[in-house]
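Here's a quick tour to go with the structure on your screen. Grab a viewer and follow along, topic by topic.

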Amino acid sequence: MAVLDANPIVTSRREMADSHTLARYLETGGYAGLRQALTMHPEAVAAEVDAASLLGRGGAGFPAGRKWSMLRKSPISYLVVNGDESEPATFKDHYLVERDPHQLVEGVIIAAYALQVTQAFIFLRGEFALGLERVQQAINEAYEHGALGRHILGSSFSVDLVVHPGAGAYICGEETALLEALEGKRGFPRIKPPFFPAVTGLYGEPTVVNNVETMSNLPWIVLHGGAAFAALGGGRSTGTRMFALSGRVNRPGVYEIEMVKNTFRDLIFDPELGGGIPGGHELRAFIPGGVSAPWFFPEHLDMVLGQDEVGAAGSMLGSGSIVVMDDTTCVVRAAWRITKFFSRESCGQCTPCREGSGWVERILYRLEHGGGRTEDVDLLLDLCDNISPGLNWPPQQTTICVLGPSIPSSITSAISRFRDDFYAHVHHGSCPHA
Amino acid sequence: MTHFRSDIRQRAEELVSLYPRRRSAMLPLLHLAQEQDGYLTDAGMAEVAQLTGTTPAEVRGTAAFYDMFHLEPVGRYVVGVCTNIACLLAGGEELLEHARRSLDCEVGGTTADGLFTLEETECLADCNVAPAVQVNHRYVHTTTPDQLDQLLEDLRAGRRDHDIPPHGTLIRVRRSGGLRVGATELAEERREAREAREAREAAAKEAS
């Protein structure tokens with residue numbers, strides 16, 4: 001049975017229809033975290049976040065506190081919030097920006113104070129039309145309330161916050177591509193090193209980039225203390241986390257649950273969470289952390305939802321998005337569709353990604369649509385090996401960013417487990433599931 | 001005489017003033033230009049170039065990278081159906097095919113009456129209401145063929161104008177009341193910061 005007794009941290013207003021309004025936010029304790037933070041030394045605020053061991057919720061899982069402390073060695077210029085949520089099957093930030101925009105804004109102001117940054121940006125994917133409206137409205141209300149602008153809430157601290165709309169490019173979720181887009185350019189990831197925007201970020205100046213969910217945790221952490229946050233979960237995976245569950249489940253949705261205390265089986269099958277697979281079908285495979293992650297199979301169901309546990313088993317918890325595939329799912333079609341996505345979204349800078357994604361997508365297409373050959377299966381693996389030599393996890397890097405080396409994940413997962421499905425497509429002359 | 005209407009031009013200048021560097025306003029201004037004209041016209045991009053201190057070629061080169069910017073005319077309603085993994089498992093391809101037949105319009109094309117453009121989209125981050133559909137980037141929660149047909153009928157009859165405005169995503173989003181920090185004050189601080197940075201850079205250059 002799932003362990004559901006921890007109170008939610010970032011989805012505490014999920015039952016309230018007006019959760020996005022300032023009135024409701026203030027009534028339910030809103031901006032108390034910021035008021036608390038403003039009574040503390042900025043470094044003490046950062047220390048609480050460090051004590052919380054808050055791992056970044058965007059996908060890479062880098063400790064937020066460390067991102068901040070690395071930055072504190074040099075003068076700080078900008079705070080940028082990554083709300084470009086585009087990893088397929090990830091929809092937690094969508095929830096947060098539409099349903100609890102003030103919580104995000106408060107978190108951003110707290111982070112800005114801790115970092116002593118006077119200019120912050122929230123980069124939201126352009127397709128979030130309502131989310132953009134809600135966050136802008138929250139920012140407007142925060143200015144009215146005195147929580148943004150000059151000398152906020154009677155303190156000596158001033159900060160300005162701007163919402164920046166993206167325009168439809170998955171790659172802008174990569175933080176250096178996001179900064180390029182924020183500079184008004186094509187979303188091309190920047191050459192590394194420097195690896196961290198904390199060294200060279202927006203306009204070449206030190207910049208911290210944090211995810212929407214990461215920011216949304218800050219009001220709670222400041223109010224309750226980093227130790228209280230770290231007491232939840234276990235190991236390096238502290239606190240709660242939003243898991244976005246989709247695919248072949250009865251109750252797809254966003255569930256905030258305590259880290260490490262629950263398993264994939266709990267999340268997918270518990271009646272209060274995923275509620276199992278429709279029609280009592282059998283689980284074939286599931287993706288544990290967005291489509292960049294290698295797939296898991298029924299034997300992984302009892303693994304706990306923890307970053308290190310999933311990493312040790314050869315995949316990643318990534319953006320916290322779990323996609324369930326059952327015995328009605330054509331895994332060749334699933335791998336093809338995921339690969340088509342990478343092919344469309346490759347920015348085109350690096351050859352292995354630009355050319356490789358197109359080649360493997362076309363081979364998967366012909367397998368799925370009746371033109372496949374027996375040797376295509378090993379050809380796919382050979383091409384994947386060219387994109388990321390060794391086909392290991394974490395993948396070997398041949399490109400500027402991690403988009404390219406993520407391409408083999410779904411393909412090698414599907415072939416390693418369901419090679420006969422690929423041959424069945426060849427012999428059948430089309431998809432046997434269609 | 002500007003290509004932008006006076007209200008759009010004023011809005012554009014406000015947007016430019018929100019950023020430390022003019023070029024950063026590129027994506028918001030392109031959204032704005034698209035809101036006025038329905039797509040990115042040469043005149044619209046020329047004005048964005050002037051406002052951001054870039055050339056029309058740089059504007060076009062940037063715009064062409066992003067899926068949401070249209071360099072050709074599109075319909076009043078851009079209907080996007082997601083077929084990525086979660087939606088694929090919920091019948092996204094079938095729903096897209098239904099939309100294609102209902103609208104009598106190829107994927108990527110525009111209906112003869114100019115009302116609808118049909119797009120196959122990548123993940124729209126609404127995977128618990130799959131297959132996800134957006135019209136002008138607003139979630140419409142139509143997961144069945146019948147619901148989709150009803151929506152198209154409502155759009156044709158103008159019954160959704162209140163929650164699905166034509167074109168663009170920024171039309172109703174704006175900062176009210178201006179900058180509390182004070183745009184001129186902030187500009188002064190930024191100018192000082194920039195001058196200090198440039199002095200540092202010049203000193204570093206001299207030292208090397």
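Two strands count as paired if DSSP finds at least two bridges between them. Strand 2 (residues 119-124) and strand 3 of chain A pass that test, with 6 bridges joining them in parallel. Keep in mind that this is a predicted model.

**The sheet in chain A**
- Four strands make up an open sheet in the order 3-2-1-4, with parallel pairing.
- Strand 3 (160-165) and strand 4 (207-211) of chain A sit at the edges with a single partner strand each, so one side of each has no neighbour in the sheet.
- From one strand to the next, the twist averages 20°.
- If you want one bridge to look at, A:Ile122 has A:Val163 in strand 3 of chain A as its partner.
- Helix 8 (residues 175-182) of chain A lies across strands 1, 2, 3 and 4 of chain A, and runs at about 110° to strand 1 (78-83).

**Helix 16 of chain A**
- Helix 16 (residues 376-387) of chain A has 12 residues and should span 16 Å at 1.5 Å a residue, which agrees with its end C-alpha atoms being 16 Å apart.
- Its buried residues are A:Val377, A:Leu380, A:Cys384 and A:Ile387.
- The buried residues pack against helix 15 (351-368), helix 17 (403-406) and helix 18 (408-428) of chain A.
- On the face turned away from the buried side you'll find the exposed residues A:Asp378 and A:Asp382.

**Where chain A meets chain B**
- The contact draws 56 residues from chain A and 49 residues from chain B.
- On the chain A side, helix 7 (129-145) is one of the elements giving two or more residues, and helix 7 gives the most, with 8 residues.
- That side of chain A divides into 25 nonpolar, 18 polar and 13 charged residues.

- A cis peptide bond links A:Pro193 and A:Pro194, with omega about 5°; A:Pro194 is in the loop between helix 8 and strand 4 of chain A.
- Another cis bond runs from A:Trp393 to A:Pro394, with omega near -5°.
- A:Tyr31 isn't a glycine, yet its phi is positive, near 65°; A:Tyr31 counts as buried because it has 23 C-beta neighbours inside 10 Å.
- A:Leu153 also has a positive phi, near 45°, but A:Leu153 is partly exposed, with 15 other C-beta atoms within 10 Å.

Methods:
Residues are numbered from 1 along each chain as its sequence is written. Chains are lettered from A and ligands numbered from 1 in the order in which they are written. This is a predicted model: local features need pLDDT of at least 70, side-chain atom pairs count only at pLDDT 80 or more; totals for chains, interfaces and linings use all residues. Axes are lines fitted to C-alpha atoms, for helices over the stretch in contact, and angles run from 0 to 180 degrees between N-to-C directions. Two residues are in contact if their C-beta atoms, placed from the backbone, lie within 7 Å. The expected span of a helix is 1.5 Å times one less than its number of residues. A residue is buried if 20 or more other C-beta atoms lie within 10 Å of its own, exposed if 12 or fewer, and partly exposed in between; C-beta atoms are placed from the backbone. Ala, Val, Leu, Ile, Met, Phe, Trp, Tyr, Cys and Pro count as nonpolar, Asp, Glu, Lys and Arg as charged, and the others, Gly among them, as polar.
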